[in-house]
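Please look at the chain displayed below before reading on. The paragraphs that follow lead from one residue to the whole chain and then to its contacts.

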Amino acid sequence: MKKNGQKKAEQTIELLKKQLQDLREKAGRSGLVKRREHVARLAKENEGLKQEINNMKKRLTELESLNGKDRAKQAEKTIEYLKKHLQDLTDKAGSSGLLKGRERVARLAKENEGLKQEINDMKKQLTELELANGTTQVTLPAPGEKLPHYPNPPSVKAPVSGLGVEPPAATAVIISEGTEDAKKSKKKDKKKGKKEPSPAPDEAAAGDAKINVSRLNMKIGRILSAKHHPSADTLYVEEVDIGEEATRTVASGLVGHIPLDQMQNRLGVFLVNLKPAKMRGILSEAMIMCSEEPGKIEIIDPPAGCVPGDRVVCEEYPGEPDQQLNPKRKVWERVQPDLRTNSECVATYKGAPFTVVGKGVCKVPTMANAHIK
């Protein structure tokens with residue numbers, strides 16, 4: 001029994017040794033195959049690199065052997081490429097310029113609409129003023145209607161042409177006072193000894209009032225914000241605190257004279273009792289006071305310590321200002337020519353300085369003996 005067990009063990013050992021040898025041979029063959037594949041791949045890659053080097057050498061030789069004619073051809077090809085590239089850039093620039101041109105046309109059209117609206121508004125204001133002044137009005141018929149027959153046709157002022165604004169269907173025009181009927185009426189009145197009616201007492205008193213700087217309501221204001229007018233290149237639009245409950249909007253023609261950043265949060269002297277007027281579609285409710293000469297403008301600066309709402313006066317001319325200046329009386333137009341800066345750059349009226357009582361006088365930075373507008 002012992003001999004049989006030993007024999008089986010020996011047989012098992014021999015079998016295991018054989019299997020181990022087979023595994024070693026297989027592993028050797030597998031590694032050899034992998035090495036051979038790697039060597040073949042490297043050899044192929046090496047051949048590719050050699051071919052690329054040979055191609056580069058060949059190209060280099062061709063370039064070195066180029067004669068003058070070949071070089072000229074190469075230069076021509078390069079020039080053609082550059083010309084094409086330049087043409088592309090030119091086309092792009094042209095399309096960009098076209099866009100800019102269209103933008104400018106649109107901006108001008110918008111500005112033109114604002115001008116038309118402003119003219120129509122001014123016509124309405126003019127009609128209202130004429131009616132208030134007692135001027136007789138007559139309306140033109142709508143387009144297509146026949147003109148009414150007048151025994152003595154009134155003379156009318158022709159509309160202004162060339163403004164690009166069509167008259168409305170019913171435009172007010174002024175009847176001349178020199179019609180025959182009016183002349184006959186005046187002759188009859190003279191024969192009967194009738195006198196022209198005298199003006200009302202209040203109106204006469206207003207007409208006899210003193211015309212001087214005391215009629216102007218000038219106040220210190222602070223510009224809270226300033227920006228460019230949306231449809232006028234020369235105008236700024238400011239929001240101004242003049243010490244009232246609400247701010248006022250002011251349009252000023254200071255573009256090109258005062259930089260926009262210098263308009264922000266600054267104090268100035270404002271004339272606040274002018275009648276509000278539209279400037280390119282924006283209602284301006286006051287006017288900033290400046291010294292002005294051809295090509296140069298400076299804003300009048302108030303003295304230190306001023307606050308919005310402080311009144312600016314000329315103490316030699318006491319009096320209360322008008323609630324609102326009557327455009328018919330031409331108060332501003334009659335006072336303005338006597339507003340100037342003196343040799344010390346102090347703003348004055350007939351030599352009397354602009355003063356904030358208890359705080360000092362108002363001045364401009366550099367402009368002596370200049371007009372104030």
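Is E298 buried or exposed? E298 counts as buried, because its relative accessibility is 10%; buried means under 20% relative accessible area, exposed means over 50%, and partly exposed lies in between, with a 1.4 Å probe and protein chains only. The model is a predicted one, in which local features need pLDDT of at least 70 and side-chain atom pairs count only at pLDDT 80 or more, while totals for chains, interfaces and linings use all residues. Residues are numbered from 1 along each chain as its sequence is written, and side-chain values use heavy atoms, with hydrogens and water left out.

The chain as a whole may be described next. Of its 373 residues, 23% are buried. Contact means heavy atoms within 4.5 Å, and among contacts between residues at least 6 apart in sequence, 67% join residues at least 24 apart. The chain exposes about 26700 Å², of which carbon and sulfur atoms supply 55%; accessible areas come from the Shrake-Rupley method with a 1.4 Å probe, and for residues only the protein chains shown count as cover.

The nonpolar cores come next. A nonpolar core is a set of buried Ala, Val, Leu, Ile, Met, Phe, Trp, Tyr and Cys residues joined through side-chain atoms within 4.5 Å. The largest has 28 residues, and those with the most contacts inside it are M218, M289, I300, L339 and F354. The elements β3 (218-228), β6 (267-271), α5 and β14 each give two or more residues to this core. Apart from it lies another core of 16 residues, among them A226, V240, V272 and I297. Returning to L339, its contacts beyond four places in sequence include M289, W332, Y349 and F354.

Y349 also takes part in an aromatic pair. Rings of Phe, Tyr and Trp (its six-membered ring) pair if their centres lie within 6.5 Å; planes under 30 degrees apart count as stacked, over 60 as edge-to-face and the rest as tilted. By this rule there is 1 aromatic pair. The rings of Y317 and Y349 have centres 5.0 Å apart and planes at 75°, so the pair is edge-to-face. Y317 lies in the loop between β12 and α5 (331-335) and Y349 in strand β14 (residues 347-349), 32 residues apart. Y349 is buried at a relative accessible area of 2%, whereas Y317 is partly exposed at 24%.

Charged side chains form a further set of links. A salt bridge is a side-chain nitrogen of Lys or Arg within 4 Å of a carboxyl oxygen of Asp or Glu, and the whole structure holds 5 of them. In one, R215 meets D322 at 2.7 Å, N to O. This pair links distant parts of the chain, with R215 in the loop between α4 (201-208) and β3, and D322 in the loop between β12 and α5, 107 residues apart. R215 counts as buried, at 10% relative accessibility. E298 bridges to K296 at 3.7 Å, N to O, and K296 is partly exposed, with a relative accessible area of 39%.

Conventions
Helices (H or I, at least four residues) and strands (E, at least two) are DSSP runs, numbered from the N terminus.
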